[in-house]
Each structure stands twice: as C-alpha cells, then as structure tokens.
Amino acid sequence: MAEVEAAGGGAAGSPEAGGGGWRRPHGPLQRYYGPGAAEAAPEAAPDPTDIDSPHFDPEAFLNKVRSECPLGQLLAREAALGREIRALDSDMQTLLYENYNKFISATDTIRKMKVDFRRMEAEMADLAANMSAISTSSARVSAALQDRHRRGAQLAGVQALLRKLQSLVEVPGRLRRWAAPGGEPARALRCYARARAVLRHYRHLPSFCAIEDESHAIMADLAQRLRTQLREDPLDPKELAECVSMLLQLEAPPAELSEEFLTRAGARLDAELATLEAELPPADPSGPSAASTPPPPASDILDFVDRGSSAFVGNLCVLAGSYRSLFEGRPGVVEGRLEAFTATLTGRYFALLERRLALERGLGDTSLLVRALDRFHRRLRALLQLLPAAGAEAAAELVARAARERVDRYLRALQTFFLGCLGDVRQALAAPRPPGKEGPGLPDLLATLASSVLGQLKAVLAYVQLFTAKDVAFASLPYFKGEFCVAAVREGLVVAFVRWLCRTARSFAEGPAEKGAPAAPPALLLLLARLCLDYEATTIGYILTLTDEQFPPPDAGPTVTPGLALCAEARGAAQRLLDHYVQVQGAAVAQMLRKSVETRDWLGTVEPRNVRAVMKRVVEDITAIDLQVGQLFEEGVRRAQSSDSSRRAFSVYSSSRAPGRYAPSYTPSAPMDTHLLSNIQKLFSERIDIFSPVEFNKVSVLTGIIKISLKTLLECVRLRTLGRFGLQQVQVDGHYLQLYLWRFAADERIVQGLLDEVAASAAHRCLDPVPMEHSVVELICERG
C-alpha cells in the first residue's frame, strides 16, 4: 500500500503516457490529496468533521451524520462513498502502470549511458597523451629558436629607429615642398607638428639642432606669407578661418590674431552691407533725392531678405562659429569682443532692412512680406543660437513693427475704402433722375454700403491672418502672437476702424469740416444713422466674434475693449446723426415758413380766399420726409387719435381748450382778457420740448421736424403786426396745417397746441382781431 501511495504521489505531476501535457489530479484523488499550494485557501480553524481535512475524526463525523441526516440520506451517502472508493482505486492502478513503464525506460537509458561513458573515457585519455606530446615538441622548438628571435627583434627595433631618423632628416625637404607658394600649407603644418616635439627633445645633438633650425625657418617664412595673405588678400569666411587656424598652429599671438580676424571679417561684412545699401535710396533727408519721391526698389522684399540672409547673415554665422572655435578659452583674447562686434553689424543690418521695409508703399503682396519676415527670422535664429545677445530683442521688435505697420496700412486702406463708398453714396443721392426712372433707394444704398465695408474688413482680416499661419516661425512665439492678435489686430485694426467709422459718421452731424464746404445731404445723415444703429445691433458683435476666432487672444493678455463700449459709441453716433437730421430738415421747413412770414405785408393783405402756397409746400415736404424716413426706420407708436382729428376746428380762441363763453367777449377793446386767457391756457397745457432727442422710429423723427417748423412759425408771427385779414390768413393757414400734419406726429395734441399758440400770438399782435367764420375757413381749406 505504501508503494502504491508512493507511486501515486510520484505520478501526480508526471507526464501522461501518450500526451504532451501534465495530468492534473481530479475527482476523488483531488479531494483526497487536497488543493495545491497555489490553490490553498487561507488557514482556518481545523474541522474534525471535514472528511478531506488532515484533522478528520471518524467518530465525530459519524455522530454528526447520524444526528443530522435521515436514513435515506445516509444510504445515499454510503453509495456515493463506495463509488468514490472504486474510482480512486481505478485511478491509482492507472498511475501505477504508467509509472512502471517510465521506470523501465529510465533503466534502459541509464544502461546505455554507462556504455557511452566508457568509450568517452578512452578517447579523453588518448587526447591527453597527444597534448602532452605536442607541448614537449613546442618547448624544444622554442628553445632552439630563442636566440634567433631575440636577434630579429633587435634588428626590427634598429630598422624602426632608422626609419624615424630618416623621416626626421626628410622633414625640411617636405616642409619646403609643401610650404612653398601654391603648395599644401595644412599638410606642412601637420608634418611639422609631428616632428616638432622630437626635434626639441634632441636639440642638444648637432644634427637634430640643424634640422630644427631649418624647419623653423621654413615655417617662419610660411607664417609671414600667411600674415601677408591675411592682411592683403580678399578671403571668404572659410579661407579666413583656415588662415588664422594655421597661424595659431604656428604659435602666433592669439590676442593679435583675434583682432586681425575681426578686422578682416568686418571689412568683408561691411562690403556686403554696402551692396545691400546701394539698392536703397539715401537715408539723409537733406540729400539730393529728398525733395522727390524715391524710386521704387529694383527687387522685391523677399529677394532683398534672401540676399541679405544668405550673404550677410550666413557669413556672420560662419565667422562667429569660427571665432569661437579658434579663440575661445585662449589667453589674452578679450572676452565679449565677438558679442560687441556682432551687435554692431546686426544693428546696421536691421537698419537697412527697416529702410527697405519702409519702401513697401501701399499694401503690396502681404504673403511676400510674411515670407520675407519668416525667412529673416529663421536665418537670424541660427545666429542667435551662437550669440544669444546679438540683437535678439531688436530683431523681434523689427518683425513685430513690420507686422504692425502693415496692419496700420490696412486700417488706412479700410478708411479710404469707406470714404470712397460714402462718396459713391453721395453721388448716387445727388445724381439727377430722369422722369419715370428712379435711382437706387435708401435701403439698397445702405445694403450696398454695409456689405461692401463688411466684405472689405473680412478680406483684410484674411490677409492679416497670414502673419499667424502655422508654417510661419515667428507666429508661434508668445511675445509676437499675443501682442499682435490683441494690440495690433483686434484693438489697432478692428476696434480702431469701428471707432473711426463712428467718429466719421458723427462728424457729418458736426457741420462741414472746412468753411464753405458743402453740407451733407439729409438723406446721407439718415443712412449713416441707420448704419450706426445696425452696427450697434449686430455688426459689431459679429466682427468681434470673427476677430476672436481668427486671432484668439492669449489667456493672460492685455485688456481689450469690450463690445458694449463700441456698441455705445455706435448708438451715440446714430443718435447724434438722427438729431442732426431732424434739425436740418426742420430748419429747411422753418426757413420756408420764416421767409413766407417776413416777406408778407400782414397789415395790408387782402381778405384770404386760398391757402398760401408755402403751406402746401410744407405739407409736401413733410410727406416726402415721411417717405424717406420710412425706408430705413420702423413706424413707431402713436397715441390713440380722437375721432374728429381731421375735422377739428382751428380758431384764434383755441376752441379745443377755451370755454365757449370767452369767444363773444373777445374784442379789440379788451386785450388784457385775451392775454390773460392765453397765459391761463399755457399753465394747463403740457410743456412741449422742441429740441428733445428723437427716438429711432419714423413717428419720432417727423414729430421733431414738425415741432421745429411750427415753433419757428410761432416765433416769426410774434414779431409781426397783423391786420384783420392777416389774422384771418393765419387762421386759414393754421387750419390747413392742422388738417394734414396731425397724422405725421406721435401725438396730435402737439400739433394742435403749437398751432393754438400761433393763433393766439397772431390775435395778440393783431390791430383788429376779428376771426373768420369756421365754416368759411373749412371751405377755403377744402378748396385749397
């Protein structure tokens, strides 16, 4: 039984016969042996009734089963245990057979290994004997050749020494051949550098001293020719660096060479700057070309920057790198000399480039300017990596200033475009129209003006956006992008243009800019007021949103102008223009009324039979103004009209307000009663503000014009002395105006009140105040 258990335990993890995997215990065996180490559950208190536990107690288990399970369950449990025992026996027998076959195979393998090891031991013994014989033979050969090997090594050393001596003897000849004019001085320097240490070490020997003196003389002559070449011959940066490098290898003073290097480099770079400057007009304003406009440059800005970058900046980078590799860390060389030298030259180059940028008149090709600035920035960045202090701030300021100047030109172009559009609008308004052919209406002119200006502004933003493209090197720099997007584009272009537009529109309401200049036509004032009102409502918000999308401001950038402030400016300009329009139109109507009053003889006039023509003209002009304003502004709100507005009586006694008992008592002998009656009526009437701000609707505009016109008529009547028929003519004219003007005003009581005051003033200024019968007045007005 112990053997079976051992066989079963040994075979639990062995390969299964006929298979490639490992056979895991299962069924009753698994429950018998328990879970593996990796599957073991955490330790718990031992349970004596657990049949799979090592702490199993049969008596306790039987007591528990008999007490808890009924007879049927006990019999079922007995049958299950019987099946498990039979399955366990079968599995153990199978494992025993499998392990027995493996034991037999292992025995055969061990038997074969014993035979193979015996043959291998014999072969190893033969190998050891052969190695011993070889070692003995090698020792005999080495002993026989030892003397010859020593003599050969001595001869090889002598040969190497003779070769070195021969090469030292040949040094002067080689140096003379290579250091001669047209030779290979770099090769001569390498040869001399290899031989110099040996010659100095054996200088105490006469032969070596002669070789050293001859070599030194040859190299001194080479150094003299190199100095002459450095001072006199034109050298490019590479040749200059090679010449100075050879002089340094010849132990020339580094301090002196550094100054000569910078002098020669400065002369060449000055020549390149002079070539660039020759393409530009003189910078002196008192020069011969100061009085005339300088000619346009022969090449575009991109070609100018290309030649400056490839010639000047490229050579400056080469010379700066060469100077650092040649002189950095050498004793006697002045620190900071290269930085000062480079800063001076780059400052001159920046000044030339700025003068060339100033020649870019008008707008030109913005993409060409952006490419030129981008190329300038990229080439200069290579120099700044060598010399960080070589004008980095000046270069950045030059790029930013060029971008701002182009934006300023776009702003001036927008302003010129807007003024041109206004000129077209004024020309369209002033153009004579043949009978039957009407020109473009105010809505069409407004739509054309607004769309043209907005389209031009969007086109300008598209051009300016080239400065912030992803492939532009300087566009991603924080010092440029934040300042450019906010200060230059949003504030300097968009906000500045909107404010200028509002100021320009408002200036038309301030009177002519020059004495004697024609005033703006009233229709233009009305159109500009509507334009500013539309800007306040939608356009400003749209423009600012579009600008912020195309030129996103930085998170922590400068303060920007809020849109509400611009909207307030636009609304203020619209209000001022509309107020001025009311004043201009009111003044035009008032001027007709004033002349009609001042040029008439009110004492000697005849009995009225018709309405005066000027009153008909006033009604016609007010009707035309109503049509004009209605094209651009909404109707507005009127007070509820009375049912008899068009038929209201107009008399010198203000029948709409005064009691009937005052009419019979009004005679020329009682002027105080009439004056008292008029003052009493003014106390109980609403005060009419003649020049109050108008609202943005047609009713308010027409009300303002009517108030100014009737107030002028009132003041003119107060300054005249009238006869009986003069008073009756005023009565007829006033009733005619009442019939037609009330429908244009926001409140008919305003028209009625002003006309009542006109009638009262006429009666007060009349020498014989006898009014005309109301029926006669109505008949005359209807006939008129």
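**Core and helix packing in the predicted model**

The largest nonpolar core comprises 184 residues. Within that core, F376, F418 and F484 have the most contacts. A nonpolar core is a set of buried Ala, Val, Leu, Ile, Met, Phe, Trp, Tyr and Cys residues joined through side-chain atoms within 4.5 Å. The model is predicted: local features need pLDDT of at least 70 and side-chain atom pairs pLDDT 80 or more, while totals for chains, interfaces and linings use all residues. Residues are numbered from 1 along each chain as its sequence is written, and side-chain values use heavy atoms, without hydrogens and water.

F484 is in contact (heavy atoms within 4.5 Å) with A403, V407, V464, F467, T468, V489 and F551, leaving aside neighbours within four places in sequence.

R530 lies in helix 16 (residues 522-550). Helices are DSSP runs (H or I, at least four residues), numbered from the N terminus. R530 has a relative accessible area of 12% and is buried (under 20%, with a 1.4 Å probe and protein chains only). R530 touches L446, L632, F633 and E634, not counting residues up to four places away in sequence.

Helix 18 (residues 613-630) and helix 21 (residues 724-741) have axes that come within 10 Å and cross at roughly 15 degrees. Axes are lines fitted to C-alpha atoms over the stretch in contact, and angles run from 0 to 180 degrees between N-to-C directions. Helix 18 and helix 21 are therefore roughly parallel (angles under 35 degrees). M615, K616, V618, V619 and I622 of helix 18 meet D733, Y736, L737, Y740 and L741 of helix 21.

Key:
Helices (H or I, at least four residues) and strands (E, at least two) are DSSP runs, numbered from the N terminus. Angles under 35 degrees count as roughly parallel, over 145 as roughly antiparallel, 65 to 115 as roughly perpendicular and the rest as oblique. Buried means under 20% relative accessible area, exposed over 50%, partly exposed in between (1.4 Å probe, protein chains only).
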